[in-house]
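Thanks for coming. Please have a look at the sequence and the model on the screen, and then I will go through a few places in it.

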Amino acid sequence: MTYGGDYGGRRPPTGPRQPPRGPRQHQSAQMMPIPGREQQRRPQQGPRPPRQGPPPGQQPPRRPQGGPPPRPPKRRRWGFGRVLTALVTVFLLFLGATWLYLEFSINRIDALPDYDGKPAAGEGTNWLIVGSDSREGLTPEEEERLVTGNTGGQRTDTIMLAHVPDNDTAPTLLSLPRDSRVEIPGHGTNKINAAFSFGGAPLLAQTIEQATGLRIDHYAEIGFGGFANVVDAIGGVEMDIPNEMRDTKTGVVIPAGVQELDGAQALGFVRMRYSEATPRSDLDRVANQRKFIGAMVGEMASPGTLLNPFHLFPLLSAAPDALTMDSGDHLHHLVGLALAMRGISSGGVVTTTVPVTSSSAENWDEQKSEQLFDALRTDKPVPDSVIVN
């Protein structure tokens with residue numbers, strides 16, 4: 001039997017069948033490069049460096065499709081709160097260092113020792129404040145500038161009692177005229193400032209306690225040079241001088257009017273008693289001393305001093321050498337006194353002198369003096385009838 005068709009009448013070859021071919025792969029057509037053109041398009045390059053990939057076993061982070069690129073971590077900025085906290089911390093450290101410096105730099109003596117017959121403690125707190133006219137430590141040039149004279153020994157131009165009550169009664173600043181004649185233990189009757197010459201601060205404190213019946217709790221002393229240095233450190237103290245002050249004994253002249261008194265002028269002002277402006281002699285002098293202390297304390301506590309480094313740092317430097325306190329006193333006691341005495345110039349502090357019988361201020365008025373001392377001892381208001389200005 002004969003087959004026709006595509007095989008031309010022949011039988012198809014026999015044998016194993018071939019697997020069917022897959023789809024035909026088409027090769028993309030490529031243009032043959034034109035000689036010389038390829039060199040113009042691409043500059044000759046060396047071998048490419050190997051691509052830097054992640055270490056084996058680590059895959060680079062994948063960025064979300066269409067998302068923004070990752071932001072770098074934000075730097076911590078100093079906000080207002082952190083800046084304020086830092087400033088407060090620095091201020092507290094400065095305040096603490098200053099406090100310690102003053103606490104351990106102030107001169108101290110045993111000014112208030114115990115003795116038989118010492119008055120019992122009363123109400124409130126009593127300070128003995130002394131202005132010493134000792135020339136110790138002053139150079140000849142400083143003595144000439146301050147017009148101290150050449151008096152030897154140790155004396156007091158200023159003796160005051162500051163009473164700080166425990167209740168809402170006004171504080172009192174009391175002057176004791178230096179020529180007051182009182183009983184000095186072991187030395188008979190003499191002027192009160194002689195006690196300082198005989199036995200220094202301890203004998204003066206005992207003399208005052210025995211004469212007034214008031215127990216003294218704290219002691220503060222400042223000398224000529226220290227007083228002038230403190231005034232100069234705060235840039236002077238403003239005072240209103242009603243009339244020209246011309247001391248016929250020392251030659252110190254202070255013109256009338258509102259003015260800033262420097263250290264030398266301030267010392268002349270608080271010591272002056274031989275002038276037409278001080279007709280009551282020592283009574284006028286102690287009144288001027290209280291007036292000046294009020295103005296000076298106000299100046300020292302003002303923002304113009306505390307916030308001005310050109311005044312604050314000289315004051316901190318001058319204060320330790322200028323001041324002497326009792327061995328049992330501390331800086332917080334002195335701060336409490338300063339706060340209580342701030343009201344002198346505004347009338348918030350009672351200022352007076354021990355009542356005397358004459359302008360010489362040698363003898364105290366016994367009845368009025370006892371009323372005054374009793375009011376201080378019991379924290380009662382000082383009667384107007386015993387106030388002497």
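Start with F80: is this residue buried or exposed? F80 has a relative accessibility of 69%, and the cut-off for exposed is over 50%, so F80 counts as exposed. Keep in mind that we are looking at a predicted model.

F80 sits in helix α2, which covers residues 80-105. F80 also belongs to a nonpolar patch on the surface, together with L84, V88, F91, L92, F94, L95 and F313. Taken together, these residues have about 810 Å² of accessible area. Which element gives the patch its largest share? That is helix α2, with seven residues.

Helix α6 runs over residues 263-271, and seven of its nine residues are buried. The buried ones are G263, A264, A266, L267, G268, F269 and V270. At the start of α6, look for D262: one of its side-chain oxygens comes to within 3.3 Å of the backbone nitrogen of A264.

Next, a glycine in a loop. G223 is found between strand β7, residues 218-222, and helix α5, residues 224-233.

Which residues does G223 touch, if we leave aside its neighbours within four places in sequence? The answer is S132 and A322. S132 is 91 residues away from G223 along the chain, yet the two C-alpha atoms are separated by 4.7 Å.

That brings me to the chain as a whole. If you take contacts between residues at least 6 apart in sequence, 68% of them join residues at least 24 apart. The secondary structure comes to eleven helices and 13 strands. The protein has 389 residues, and 38% of them count as buried. It exposes about 24800 Å², with carbon and sulfur atoms supplying 54% of that area.

Last, the confidence of the prediction. The average pLDDT of the protein is 84, and 77% of the residues score at least 70. Where pLDDT is low, the predicted coordinates should not be read in detail.

That is what I had to show.

Key
Residues numbered from 1 in each chain as written. Predicted model: local features only at pLDDT ≥ 70, side-chain atom pairs only at ≥ 80, totals over all residues. Heavy atoms only, no water. Patch = residues over 30% accessible without salt bridge, like charges linked within 9 Å, V, L, I, M, F, W, Y side chains within 5 Å. Areas by Shrake-Rupley, 256 points an atom, 1.4 Å probe, with all protein chains shown as cover. Salt bridge = Lys/Arg side-chain N within 4 Å of Asp/Glu carboxyl O. Helix = DSSP H or I, 4+ residues; strand = E, 2+ residues; numbered from the N terminus. Buried < 20%, exposed > 50% of the residue type's maximum accessible area, 1.4 Å probe, protein only. Polar contact = N/O pair within 3.5 Å; in protein donor to acceptor, adjacent residues only side chain to side chain. Contact = heavy atoms within 4.5 Å. pLDDT = per-residue confidence, 0-100.
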